[in-house]
Amino acid sequence: MEICGGQTHSIVRFGLEELLPKEISLVHGPGCPVCVTPVEILDEAMEIAARPGVVFCSFGDMLRVPGTDQDLFSVKSMGGDVRIVYSPMDALQVARENTEKEIVFFAVGFETTAPANAMAVYQAHREGLKNFSILVSHVLVPPAMEAILSSATNRVQGFLAAGHVCSIMGLDEYRPLALRYKVPIVVTGFEPVDILEGLLLCVKQLEAGRFAVENQYARVVRTEGNPPARHMITEVFEVVSRKWRGLGEISRSGLGLNPTYYAYDAEKKFGPFLPHAAHGQECISGEILTGVKKPRQCPAFGGKCTPEHPLGAPMVSGEGACAAYYRYQRG
Amino acid sequence: MIVRGEAMENEINLQCPVPIQGHDRIQMGHGGGGKLSQQLIESIFVPLFSNAALLARHDGAVFEAGGQRIAFSTDSYVVRPLFFPGGNIGDLAVNGTVNDLAMCGARPLALSAGFIIEEGFPMESLKKVAETMSAAASRVGVPIVTGDTKVVDKGKGDGLYINTAGIGIVECGFTVDPSRMREGDSVIVSGDLGRHGVAILAVREGLQFETVIQTDCQPLWGVVQSLLKAGLEIHCLRDLTRGGLTAALNETAQTSGLSIHVEEAKIPLREDVKGACEMLGLDPLGVANEGRFILFLPAHQAEKAMEIMRRDSAGAGATMIGRVGKERPGLVTIQSLVGVERILDMPSGEQLPRIC
């Protein structure tokens, strides 16, 4: 399993799977903020973004991610002030320039984006900016790996750890995992050759019956990671439990602002929120894909979920199980 | 300790949530030149306006009038900022329409210009834009013969929007459009890609590179005319604007019902553009250009075509990047740098808003 969405992107973009012997299959991991940010937080984001007087700043790729029944692009088209920024520091600048407005930054992602987001909050605190807050949905890689490894249906035999995450966090927190679950973990980069080399190192370990943490991406990742960046994370954040889309709630798997910085927590500033309407959860694609259930056993099948308005991946692609059932086996 | 959520009881269920498909209001992506734009046009405009010229789905319409074949095209410009490295909205407004006509094989005959100006817009800036338009028009020898001016309340526009339309005379005995593409045709691109989009974004985001990346905005009629004069059997021309190379290839593949295969290693990209795109998370093949086009013609004429193109500054970087086939009708495939083939799908919304 490659952990990082960036690695998945490279694998698909360069078609790397086709170069591999058929004994090796790649399972795409949880390292994509778009995939794992829970629908409840997305709904909160949209509720905040729709308020008058709020400027909601986000990385561009979060704008198309659907919440229960809309996305941030829709909020924007209805008049919400939603802006794409490339750094939390840009959002901070918006806050400095618009003191009469509330600026909220959508702080999503893994250990990679956490230091910069922490820095923005730290800076706002130092400057005494009262109109800046962040909606936090930060998650951590090792607890998710542990959730996968301890799952009854786990089929992952080796990991390509996320190079950029490790450039911050270093290698040490992966060693207990490798040891406990007897699984090779290779810190890997993002170029096609990086990924192929990471796979090779993984396979060599498996063949030798070893399970160590190795570093393929040594040109970027140091064993100790980046201590000043980690210091910034611990200054501003604390480890909390988080819900992951597709994985459920995992204890101590994410970051939230620590009490010193509660004033910058958008959830506290703008909550309480409308209760989450559960109808976004109807898709049972996980069970469909593993053959546990048939499409017709899904309550949304053919009604709320059709190829024109899919609720999940199997109804989208022409080869998807639900789409095939819908086309050939309705009635 | 691990607490298992509901999803964990059965199995891990990791996959990207599906983007919302049906929109009951216009989104920025509907203007991005990708799938959303296509859906909008197909669902609202095509059924209501349906006619033969429109259904050809080309950059401009071609029809007969008084024994002449006339090309007609229009385009609106909402670029932000109005002034950017290497040009301004005025260059885009003239060259954009001139290029749409050129892609029909037509010599531009006359342009119109419509200005929607926001109250309070500096007279000096308007003059500068008009001067640019005048210079761009005389460069290709096309007069701006009619126009319109409207002013909207302060805050209801964005400084300045321009619409231009143009008519031209088709200067070849055949139709240049996707229906003429044939299996075995070569695909040639006129130069390196992505400069316009990156130039705009760099200004907008305050990004600085070692050298300033300038727009590639320029007229294409000169180089197209040379190709036609040389008697080459040009099957299709398409300028690469919003949606970049990816959108242009997908549109022509879909309209022609043929497949197009390109090789990533052959697609010309400047290192600075590539670096900027990597930093911004953009695919350079989907980034906008304003002075680039692709050309489809029989393989045995490809060398000759590139030789002619390279004599003109607008075609100096001419490169053959692929070929037309019929294995996978309507699809574009790309051979990646490591030699594996994948589908190059139409961009869905837009990578960058308000680029032209």
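In the predicted model, the axes of helix 6 (residues 114-127) and helix 11 (residues 227-236) of chain A come within 8 Å and cross at roughly 55°. Axes are lines fitted to C-alpha atoms over the stretch in contact, with angles from 0 to 180 degrees between N-to-C directions. The two helices are therefore oblique to each other (under 35 degrees is roughly parallel, over 145 roughly antiparallel, 65 to 115 roughly perpendicular, the rest oblique). Helix 6 of chain A contributes Ala114(A), Pro115(A), Ala118(A), Met119(A), Val121(A) and Tyr122(A) to the contact. Helix 11 of chain A contributes Ala229(A), Met232(A), Ile233(A), Glu235(A) and Val236(A). Contact requires C-beta atoms, placed from the backbone, within 7 Å. Helices (H or I, at least four residues) and strands (E, at least two) are DSSP runs, numbered from the N terminus.

Residues are numbered from 1 along each chain as written, and chains are lettered from A in the order written. Local features need pLDDT of at least 70, side-chain atom pairs count only at pLDDT 80 or more, and totals for chains, interfaces and linings use all residues.

In helix 1 (residues 5-13) of chain A, Gly5(A), Gln7(A), Thr8(A), Ser10(A) and Ile11(A) are buried. A residue is buried with 20 or more other C-beta atoms within 10 Å of its own, exposed with 12 or fewer, and partly exposed in between. Their cover includes strand 1 (2-4), strand 7 (159-162) and helix 10 (192-208) of chain A. Gly15(A) follows helix 1, with a positive phi near 65°.

Pro38(A) lies in the loop between helix 2 (33-36) and helix 3 (39-49) of chain A. Pro38(A) is buried, with 21 other C-beta atoms within 10 Å. Beyond neighbours within four places in sequence, Pro38(A) contacts Lys243(A), Trp244(A) and Arg245(A).

Note on methods
Two residues are in contact if their C-beta atoms, placed from the backbone, lie within 7 Å.
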